[in-house]
Structures are given as structure tokens and as C-alpha cells.
Amino acid sequence: MTVTQALFPTDPSNWIAVACAEHACRGRDELKPGFMQVCHGKRGPLARVHPGDRVAYYAPTVTMGGKDPYQHFVCIGLVEDGEPYAFDMGGFVPFRRDVRYVAAKEAPIRPLLDALEFVEDRTRWGYKFRFGLFAVSDHDMGLIAHAMAADVAALGLPA
């Protein structure tokens with residue numbers, strides 16, 4: 001926790017990160033704690049995320065560059081203490097943040113579209129996902145967590 005965060009505590013923020021299901025699940029399963037990596041490994045977007053924030057991964061496809069739409073939320077968790085850090089993947093050095101993922105089931109987005117507050121135009125609902133990482137309300141994170149049958153108490157969300 002930074003000095004600023006200690007002096008000016010805020011409620012946790014909620015984020016939707018975007019990656020193919022294969023990559024998002026690798027971040028959940030490969031290491032403990034898990035990790036998040038967004039926007040082709042850029043540090044800037046991860047710097048907006050803070051310890052205690054919630055993150056849900058949305059997967060437009062199963063594999064990177066895949067052509068078949070998947071359109072599911074695939075994992076959800078809490079950002080751990082620490083700053084973004086560089087991780088050498090054998091020549092590619094992206095930035096990551098540690099995340100403690102909670103048990104959850106994958107959930108399709110389409111049944112949630114009419115209830116999600118971040119969907120401003122039902123005909124262009126996928127537009128925000130192009131940013132790779134964006135903030136959402138507690139309401140939206142709660143809907144996603146419930147759809148994923150995630151432990152909302154572990155996420156600090158109301159039941």
C-alpha cells in the first residue's frame with residue numbers, strides 16, 4: 001500500500017480485463033497467486049489497478065486471434081498487494097499484477113447485457129472491450145460474480 005492510499009483510503013474499484021480464455025486462465029492457474037496481464041503487457045493500465053480491487057476477465061475468444069466468438073467471463077478475483085512488475089517470458093517482458101482468484105464458473109455475457117450498466121448501447125455492447133481494461137460499477141461486478149457462481153463474500157461484494 002502506498003502512503004497516498006494509507007492517507008486517503010478508497011473503496012475497491014472493479015475492473016473488467018480482456019484476454020482470450022486460454023491466456024486469462026493461464027493467469028489464474030499457472031502460478032499461485034495468479035496474475036493479470038493486459039493490453040499486450042503494458043504497465044500503464046495496470047498502474048490504475050490497486051490492491052483490493054476486483055477484476056473479472058472477459059474472453060471474446062478461446063485462443064488469441066481465434067475467429068470463433070466465445071464471449072464469456074472466465075475468471076474473477078482480488079488484486080493482491082504490490083505494484084505492477086516486469087516478468088520475462090523468454091524475450092517478451094510484459095508487466096503483471098498478482099491476483100488471488102476465487103473459484104468460479106465461466107459465464108456467458110449475453111444473458112447479462114440488458115442488466116449491465118456499462119452497456120450503453122445494446123447494439124454496440126462490445127465497444128468498451130476494445131480498451132483491454134475498464135472500470136465498472138459494484139452493481140455490474142456483482143451481476144458478473146453471481147452469474148459466475150463466485151464467492152461474493154470473498155470478493156467483498158454484497159450477497
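**Calls and their grounds in a predicted model**

Reader: Why is A135 called partly exposed rather than buried or exposed?

Author: In this predicted model, A135 has a relative accessible area of 46%. Buried means under 20% and exposed means over 50%, so a value of 46% falls in between and A135 is called partly exposed.

Reader: Where is A135, and what does A135 touch?

Author: A135 sits in strand β8. Setting aside residues up to four places away in sequence, A135 touches N14 and W15. The C-alpha atoms of A135 and V79 are separated by 14 Å, and the two residues are 56 apart along the chain.

Reader: What makes V49 count as buried?

Author: The relative accessibility of V49 is 1%. The cut-off for buried is under 20%, so V49 counts as buried. V49 is found in the loop between α3 (43-47) and β3. Not counting residues up to four places away in sequence, V49 touches W15, M36, V79, R97 and L133. M36 is 13 residues from V49 along the chain, with 10 Å between their C-alpha atoms.

Reader: How do you know that R54 is buried?

Author: R54 has a relative accessible area of 4%. Buried means under 20%, therefore R54 is buried. R54 belongs to strand β3. Leaving aside neighbours within four places in sequence, R54 is in contact with P12, S13, N14, W15, G77, L78, D138, M141, L155, G156 and L157.

Reader: Why are H72 and Q71 called buried?

Author: H72 has a relative accessible area of 18%, and Q71 is at 19% relative accessibility. Both values are under 20%, so H72 and Q71 count as buried. H72 lies in strand β4 (residues 69-79), and Q71 is also placed in β4.

Reader: What surrounds H72?

Author: A polar atom of the H72 side chain lies 2.6 Å from the backbone oxygen of Y70. Beyond neighbours within four places in sequence, H72 is in contact with Y57, Y58, A59, E106, A107, P108 and I109.

Reader: What makes the phi of Q71 worth a remark?

Author: Most residues other than glycine have a negative phi. Q71 is not a glycine, yet its phi is positive, about 55°. A149, in the segment after α4, also has a positive phi, near 55°.

Reader: Which residues have the most contacts inside the largest nonpolar core?

Author: The largest nonpolar core has 27 residues, and I16, F73, I76, I109, F118 and F129 have the most contacts inside it. β1 (14-18), β3, β4, β8 (133-136) and α4 (138-147) each supply at least two residues of this core. Another core, of 20 residues, lies apart from it and includes A19, A21, V55 and V74.

Reader: What is F73 in contact with?

Author: Leaving aside neighbours within four places in sequence, the contacts of F73 are I16, A56, Y57, Y58, K105, E106, A107, I109, L112, I144 and M148.

Reader: Which residues of α4 are buried, and what covers them?

Author: D140, M141, G142, I144 and A145 are the buried residues of α4. Their cover includes β1, β3, β4 and β8.

Reader: What makes up the lining of the largest pocket?

Author: The lining has 27 residues, with V18, A19, C20, H23 and M64 nearest the centre of the pocket. By class, 14 are nonpolar, 10 polar and 3 charged. α2 (21-29), β2 (34-36) and β3 (54-61) each supply at least two lining residues, and α2 gives the most, with 4. The space in this pocket is about 670 Å³.

Conventions: Residues are numbered from 1 along each chain as its sequence is written. This is a predicted model: local features need pLDDT of at least 70, side-chain atom pairs count only at pLDDT 80 or more; totals for chains, interfaces and linings use all residues. Side-chain values use heavy atoms; hydrogens and water are left out. On a 1 Å grid over the protein atoms alone, a cavity is a set of points where a 1.4 Å probe fits but cannot get out, and a pocket is an open set with protein on both sides within 12 Å along at least five of seven lines; lining residues have an atom within 4 Å of a point. Grid points are joined across faces, edges and corners, and a volume is the space filled by probe spheres set on the points. Ala, Val, Leu, Ile, Met, Phe, Trp, Tyr, Cys and Pro count as nonpolar, Asp, Glu, Lys and Arg as charged, and the others, Gly among them, as polar. Buried means under 20% relative accessible area, exposed over 50%, partly exposed in between (1.4 Å probe, protein chains only). A polar contact is a pair of N or O atoms within 3.5 Å; within protein, one must be able to donate a hydrogen and the other to accept it, and residues adjacent in sequence count only if both atoms are side-chain atoms. Contact means heavy atoms within 4.5 Å. A nonpolar core is a set of buried Ala, Val, Leu, Ile, Met, Phe, Trp, Tyr and Cys residues joined through side-chain atoms within 4.5 Å.
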